[in-house]
Every structure is written in C-alpha cells, then in structure tokens.
Amino acid sequence: MSKNYYIETWGCQMNELDSERLSGNLKLRGYQRVEDESQADLILLNTCSVRDKAEQKVYSRLGRLRELKKEKELKIGVCGCVAQQEGEQILERAPWVDFVMGPGNVGHLDAVLEHGTRVAIEFPEDRNYDIVAVDRTSATKAWVTIIEGCNKNCTFCIVPTTRGREQSREFESVLDEVRAAVATGRVEIELLGQTVNAYRCPKSGRDFGALLSAVAEIPGVVRLRFTTSHPAEVNESMIVAMRDHENISRYLHLPVQSGSSRILRRMKRLYTREKYLETIARIREAIPEIHFSTDIIVGFPGETEEEFQETLSLIEEVRYGSLFAFKYSPRPGTPSLRIGEPLDDEIASERLQRLFDLHERMKKEKLESYRGRVVPVLYEGPSRNDPAMLSGRTDDYWVVNFHGDPATPLGSILGVRIDSAQHHTLRGEAVA
Ligand code: 5AD
C-alpha cells in the first residue's frame, strides 16, 4: 500500500523546523511526500496562532479537506499552535479530523500514529529530538532548536500557551546535532528558540554566549545565526561571542514592539525605551557593522498618537535594516484582553502605513550604501525570480542576486560586486 503524506506549514521558523521533523519521521516510516493534497493518505496542517484570525483560517481549511475525505480514505492531523490552543474543540467542531497534536509532541508522532491518539497536547518532560529524523529542506542551511517554550509572558502573546514553559536542550546534544548537520553539507546553522538567548544548559548551567561560541568553533560552520532574541536577555557573554567569531552573522533580530515605555510596561516587555536603546548602543559599540531588525506591534490597547510617535522616533534612532510590523491582534486567554480594546482599525492601519513609509526610506538608503562594494556572499542556489542568476546572502543577511558561474558549489562564499539595490534585495556580479 502506498503511503503518501502532504504537509502544510504556517508561521515561524520553529514551525518550519517542526514540519521538517514530522516529515523526517514519516519518511523513516516509509511515507513519501506529495505536493498535491488530493494524492495524500495523510494530511498534516502545521498551524500558527500568533496573530490574526488563525483559528478561523484553520477551520475553513478543514472544511475544504472534509470534501476530500468523502472521496477517499484519508487521515487528517492538525498540528502546531492552533492545535495546542484549541485542543479537543477541533474534534468537536471538525469531527472528521483524526488527531490534534501540539508543538510539544512533534518528537512523538510515531506514538500518535501507532496508538491512534486523538489529542496530544501535553508538554512531555522528555521532548524527543531525533536528530536523524529531520528532513531538511535546504541543502546549505540547518535549523537547530536549542530552547523551546517561553517564560516571558508578554501580555499580548499566545506563545506561553502554545509552546509551554522554557526548556533548554543539553549543550552536548545541540553540538552533536550541529556536527551531524555539517557532515551533510549544511554550512549555515541557525539556532532557534522563542527566546533563544534565554538558553541555559540544564546540566552545566552554561549560557547562550557559551553555546554560541562552541557552535561557532565547530569546524565547517561557515555561518551562524540565531532567532529570536529578547532584549532583556542580551548580556556581555552573548555580545562578546558575536564580536569574537567572524562566522557569526552580523545581523540581530531584536524585537522592540513599541518605542513607548508606558506601552512596553503594559506589554510586560521587561525593558524601557531607554534600556533598549542602551542595549543597541552596547552591541553597536562591539560590532559597528551590525544589521538590526525588529518586530513592532501597532495599536496596542490604549496606544496614543504621542506613544506611536515615540515608536517612529525609536525606529529613526536605531535605523533598522529590516522591520516587521503588525496590528495588535487580541489572542484568546492573553492578559492584554483585560487591558482594553484594540485601537480602531482605521487608525491602526493608518499608523502602520506611516511606519512602513518611514522605514521604506531608511531601508532604501541602507541598501544603496552597498552599491560599488565587493561583499562576501554565501551562495544558496538559483535566484527565485530569475533562474539565470545565482542567489545568496551577505554576512549581514541581505539577499543578493548575482551573475556568476552556475557550477559554483552550493554553500561557497563568493565575492560579489554590488551594482544596484532593488526593493528588498541587492544585485551584482561575482568577481574573481
Ligand atoms: N498581535 C500582534 N502582533 C503580535 N505578535 C505577537 N503576538 C501578537 C499579537 N497578539 C508579533 C510580535 C512578535 C511577532 C512574532 O509577532 O511583534 O515579535
């Protein structure tokens, strides 16, 4: 009997990696991946619930899959953060779903399939990391989880509910996984955690900076990145590790969420505007060429025009290269529901637009500043939009599309002369 699976992934890198793990597990069980859901015997939806009407999206997707299930024998599993958040309710509202499995159970798919478990949403003590069973999508890059869950409890955020309490992996187990990934040609490693820099080895107590250094020193790690860092967890050891290892990307995603200390307090972000700016200054002092990116929430309950202006002025002060901004979205069970109503949607949309306009100008200037320079680029494969061109990223994580020799081995570092700046990317030509 053929066993085909189809998997759909929404959301963050953690979810992408969870899908690679689910996928790897299924392949070991003899399943084959298909890209057309109508060919599948097993459909997994790996869902995200961080913003927007995530639940509704999942239910409407499930409505369509119900039709497919009428035509053939088919198992449907809802995984990821909506599964964790909704639990049993999914089976009540969509009884044609076979099982619901939260992110804490990704390593236990075997048991779920074998025992016909219908709801797996507890957070097991032993999160199983089967490093053999990761079906990595990229030939040059590997994601490696170092810490799961989050203890920060920001008032707007669903993650503590969907991913549970913080749990760090053992230092040696992370290093083993990195070595295994490098042995298969993955020259770029990205360490993952909802609050990645809160990492602390459960056995030895070694912190994130120590782990960063140890991973950076593994032979064959050409480039090392990590996401997502919490500003209140940035410490000296992390900064020194970045400063002292050339293969650690000159890029740091440091979500600020708001430029107003009053809003930050209500979000329970554990820092003020001043403290955040101080952290940025400390990092810049050690690593002047660093590219900062951030996340911002616009329209948190009670956000005034003046407070929004503080966010704009903070953006100008930091001069982020990249920026991701979202309208506040009330999430079930989060403390911010009690803080107040979201801002009027029209006002929030208008603020979001002003913010994007401001950042657009800054980004353009930043990208233009690369023109004429020769920069090292890690070659990842053909360009998505123009297969005749090669594509890769700079050390500070800008995408570069360039003319060069297609026989270049994937994962090589090339010198590329930048000729022009596009909307989000750079263009150039490989030089000898
Ligand atoms: N509303 C809007 N944005 C949110 N984010 C997280 N929760 C919410 C919410 N309830 C944003 C934050 C976070 C990013 C991953 O998603 O900016 O950093």
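Student: Does phenylalanine 226 count as buried or exposed?

Tutor: Buried means under 20% relative accessible area, exposed over 50%, and partly exposed in between, with a 1.4 Å probe and protein chains only. Phenylalanine 226 has 5% relative accessibility, so it counts as buried. As to conventions, this is a predicted model, in which local features need pLDDT of at least 70 and side-chain atom pairs count only at pLDDT 80 or more, while totals for chains, interfaces and linings use all residues. Residues are numbered from 1 along each chain as its sequence is written, and side-chain values use heavy atoms, with hydrogens and water left out.

Student: How many aromatic pairs does a search of the whole structure find?

Tutor: Rings of Phe, Tyr and Trp (its six-membered ring) pair if their centres lie within 6.5 Å; planes under 30 degrees apart count as stacked, over 60 as edge-to-face and the rest as tilted. The search finds six such pairs. In one of them, the ring centres of phenylalanine 208 and phenylalanine 226 are 5.1 Å apart and the planes stand at 75°, so the pair is edge-to-face. This pair links distant parts of the chain, 18 residues apart: phenylalanine 208 is in helix H8 (residues 208–216) and phenylalanine 226 in strand S11 (residues 223–227). Helices (H or I, at least four residues) and strands (E, at least two) are DSSP runs, numbered from the N terminus. Phenylalanine 208 is also buried, at a relative accessible area of 2%.

Student: Why is the pair of tyrosine 379 and phenylalanine 402 edge-to-face?

Tutor: Their planes are at 75°, with ring centres 6.4 Å apart, so the pair is edge-to-face. Tyrosine 379 belongs to strand S15 (residues 374–382) and phenylalanine 402 to strand S17 (residues 399–403), so the pair ties together parts 23 residues apart in sequence. Tyrosine 379 counts as buried at 4% relative accessibility, and phenylalanine 402 is buried at 0%.

Student: Which arginine lies over the face of tyrosine 397?

Tutor: A charge sits over a ring if NZ of Lys or CZ of Arg is within 6 Å of the ring centre and within 35 degrees of the ring normal. Arginine 225 lies over the face of tyrosine 397, 3.2 Å from the ring centre. Arginine 93 lies over tyrosine 59 at 3.7 Å.

Student: What lies 2.7 Å from an oxygen atom of the ligand?

Tutor: A polar side-chain atom of aspartate 295 lies at that distance, and for glutamine 257 a polar side-chain atom is likewise 2.7 Å from a ligand oxygen atom.

Note on methods. A polar contact is a pair of N or O atoms within 3.5 Å; within protein, one must be able to donate a hydrogen and the other to accept it, and residues adjacent in sequence count only if both atoms are side-chain atoms.
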